[in-house]
Amino acid sequence: QPGNLMDYEVIRKDGSCGTHEMSVFLIRDLKGNPVGFRGIVRDVTRRRQSEEALRQSEEKYRSILDNIEDGYFEVDLSGNFTFFNNALSRIWGYSKDELIGMNNRDYTTRQTARRAYATFSEIYLSGSPGRISDYEIIRKDGSIRILEIHASLIRDPRGKPCGFRGIARDTTERKRLESQFHQAQKME
């Protein structure tokens, strides 16, 4: 009957530290009495270091996404949300559960959806990042927000396009102030 697989720290002859993985088996004689142990030991130092580096990288990535004010998103080739940060959820006014899988046609006007389709088609065909200014969304509460979208193509490990990722910046307040400024200039 095999024993548990366990990790343990070792100090090598040169003084460096490592991690080994060990599994131990009980050896019995013909009468079933325990007479010793047999084990397998494997040096897993590099694998554990890689796993830790990956964990730290993912933690850093998640922290950055959770703390930026702009919305970060990923959509499939059809325009359905597959991933986004909390800021995007706040901008759209939907909960994460409501927003996941939502298509751009669900929260935009036809005109905006057509502009988005044209821009994302160009990104798909050229492979170059693209930008949409004055991208209007209709929030869950029915209010309109004006965004600026910067997006780029996502490719799978074989290089085949599989979606888009981007940043959505809410420019509603800036647009309102610009409009007020222009109106004030016209009155002078």
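Is Asp-141 buried or exposed? Asp-141 is exposed, with a relative accessible area of 58%. Keep that residue in mind, as we will come back to it after a look at the whole chain. One thing to know before we start: the model you are looking at is predicted.

## The whole protein

Let us begin with the overall plan. The protein holds five helices and eight strands. Starting at the N terminus, the order of these elements is β-β-β-α-β-β-α-α-α-β-β-β-α. The radius of gyration is 27 Å, while the globule rule gives 16 Å for 188 residues, so the protein is more spread out than a compact globule. You can also see this in the box that the C-alpha atoms fill, which is roughly 100 × 35 × 35 Å along the principal axes.

How much of the protein is buried? Of its 188 residues, 31% count as buried. The accessible surface is about 13,100 Å², and carbon and sulfur atoms own 52% of that area. Among contacts with a separation of 6 or more, 35% are between residues 24 or more positions apart. As for charge, there are 31 positive and 28 negative side chains, and the centres of these two sets lie 4 Å apart.

Thr-45 is found in helix α1, which covers residues 45-67, and Thr-19 has its place in strand β2, residues 17-28. Thr-45 counts as buried because its relative accessible area, 8%, is under 20%. Thr-19 is buried as well, at 10%.

What does Thr-45 touch, leaving aside residues up to four places away in sequence? Its partners are Arg-12, Cys-17, Gly-18 and Thr-19.

| Side chain | Partner side chain | Distance |
|---|---|---|
| Thr-45 | Arg-12 | 3.0 Å |
| Thr-19 | Glu-9 | 3.2 Å |
| Asp-141 | Ser-143 | 2.6 Å |

## Back to Asp-141

The last row of the table returns us to the opening residue. Asp-141 lies in the loop between β6 (130-138) and β7 (144-155). Its side chain is joined to that of Ser-143 by a polar contact of 2.6 Å. Along the sequence, Asp-141 and Tyr-94 are 47 residues apart, yet in space their C-alpha atoms are 8.9 Å apart.

## On either side of the loop

Strand β6 contains Asp-134. What is the phi of Asp-134? The angle is near 55°, a positive value in a residue other than glycine. For comparison, most residues other than glycine have a negative phi. Asp-134 is partly exposed, with a relative accessible area of 36%.

Strand β7 contains Ala-151. This alanine is buried, and its relative accessible area is 5%. Setting aside residues up to four places away in sequence, Ala-151 touches Phe-73, Phe-120, Ile-123, Pro-129, Gly-130, Arg-165 and Gly-166. Ala-151 and Phe-164 are 13 residues apart along the chain, and 6.5 Å separates their C-alpha atoms.

Methods:
Residues numbered from 1 in each chain as written. Predicted model: local features only at pLDDT ≥ 70, side-chain atom pairs only at ≥ 80, totals over all residues. Heavy atoms only, no water. Helix = DSSP H or I, 4+ residues; strand = E, 2+ residues; numbered from the N terminus. Rg over C-alpha atoms; globule rule 2.2 N^0.38 Å. Buried < 20%, exposed > 50% of the residue type's maximum accessible area, 1.4 Å probe, protein only. Contact = heavy atoms within 4.5 Å. Areas by Shrake-Rupley, 256 points an atom, 1.4 Å probe, with all protein chains shown as cover. Lys, Arg positive; Asp, Glu negative; His and termini not counted. Charge placed at Lys NZ, Arg CZ, Asp CG, Glu CD. Polar contact = N/O pair within 3.5 Å; in protein donor to acceptor, adjacent residues only side chain to side chain.
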